[in-house]
Amino acid sequence: MVWTIFQRLIASLLVIFGSLVLVFTILYVLPGDPTDAMIDPALATPEAIAALRHQLDVDQPFHVQLLRYFGGIFRGDFGNSLLNSDPVLPKIVESLPATLALTAASAFVSVVVGILLGVLSAIHRNRAIDIIARIIGLFGISMPTFWSGILLILIFSITLGWFPAMGSDGWRTLVLPALALGTVGAGFILRMVRSSMLDVIGEQFIVTLRSKGLTERAVMYRHALRNALIPAVTMIGMLIGEMLAGTVVIETVFSRQGIGRVISDAIMAKDLPVVQGVILFSAAIYVFVNLLVDISYAIIDPRVRRST
């Protein structure tokens, strides 16, 4: 088990490294120059532009810039913003809690709603609750997050006045964006749990448990659900990565000051150090979550633990 975790950890570090190299390459070959947003057009003489490019080290070859960037990371230096020369690391650390809170709240909505409705839908197959649950799941999957976010603002903020429409201060500003982002994951989890539960319910060991006199509640929630959770856990790990990416849209709709807003502004300005820093933290969070998912397999299913 320990050796397996170590192997996954090494693979995770390679994924983070590959992500940084890929993003660095894409941003390097994209058209445009970061100096365009930094210098006054009236002063943009060829000599001034060349001097600024040399000062920012963006006139160096690709491999030189890449090695210099990784050397800075190993020293704990993520560089400075090209727009205002502010250090990148404090900027990310300041914005990260708002995004992590949004991602955690959205994941909570997805897991609770998805598993609950998925189980109820499977147990009450082809009944009214099953039809309602499947409609809710289809709605969550089909509705774009920016549209559901605007819809939630119109209903619960402007019309009813229950929650603020913008900001990132306090739990009340977290409710609507978490619902908008979480309903997408809830739809996928609902369908996965329903399908897995229906497969497990048809297994022979369920019939054996019932023949031994176990109550239907014990059979469904202590045995069937536990066996059906393995595919759902895999999807949850993937969905958290999707939610991190989805914060770019949601934080823009709800004017939240998180890393989603930071990276969207940095991409528009081609502020390479900020983009690379956000990608590094996002990749690290995503890889860490998937490592926890792999470990959780052994907790949920003893067969996985015995095979590692």
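The structure is a predicted model. Of the 308 residues in the protein chain, 42% are buried.

**Overall architecture**
- Read from the N terminus, the elements of the protein chain follow the order α-α-α-α-α-α-α-α-α-α-α-α.

**Packing of helices α4 and α7**
- Helix α4 spans residues 88–123 and helix α7 spans residues 172–201; the two pack at an angle of about 35°.
- The axes of α4 and α7 lie 5 Å apart, and the crossing of these helices is right-handed.
- The residues of the contact between α4 and α7 comprise 23 nonpolar, seven polar and one charged.

**Nonpolar surface patch**
- A nonpolar patch on the surface is formed by F146, W147, I150, L154, I155, I158, L160, W162 and V249.
- Together, these residues have about 850 Å² of accessible area.
- Helix α6, covering residues 145–159, gives the most to the nonpolar patch, with six residues.

**Residue F146**
- F146, one of the residues of the nonpolar patch, is found in helix α6.
- The relative accessible area of F146 is 44%; because buried means under 20% and exposed means over 50%, with partly exposed in between, F146 is classed as partly exposed.
- The value of 44% for F146 also meets the patch criterion of over 30% relative accessible area.

Terms used: Residues numbered from 1 in each chain as written. Predicted model: local features only at pLDDT ≥ 70, side-chain atom pairs only at ≥ 80, totals over all residues. Heavy atoms only, no water. Axes fitted to C-alpha atoms, helices over the stretch in contact; angles between N-to-C directions. Helix = DSSP H or I, 4+ residues; strand = E, 2+ residues; numbered from the N terminus. Left-handed = near helix turned anticlockwise from the far one by under 90°. Nonpolar A, V, L, I, M, F, W, Y, C, P; charged D, E, K, R; others polar. Patch = residues over 30% accessible without salt bridge, like charges linked within 9 Å, V, L, I, M, F, W, Y side chains within 5 Å. Areas by Shrake-Rupley, 256 points an atom, 1.4 Å probe, with all protein chains shown as cover. Salt bridge = Lys/Arg side-chain N within 4 Å of Asp/Glu carboxyl O. Buried < 20%, exposed > 50% of the residue type's maximum accessible area, 1.4 Å probe, protein only.
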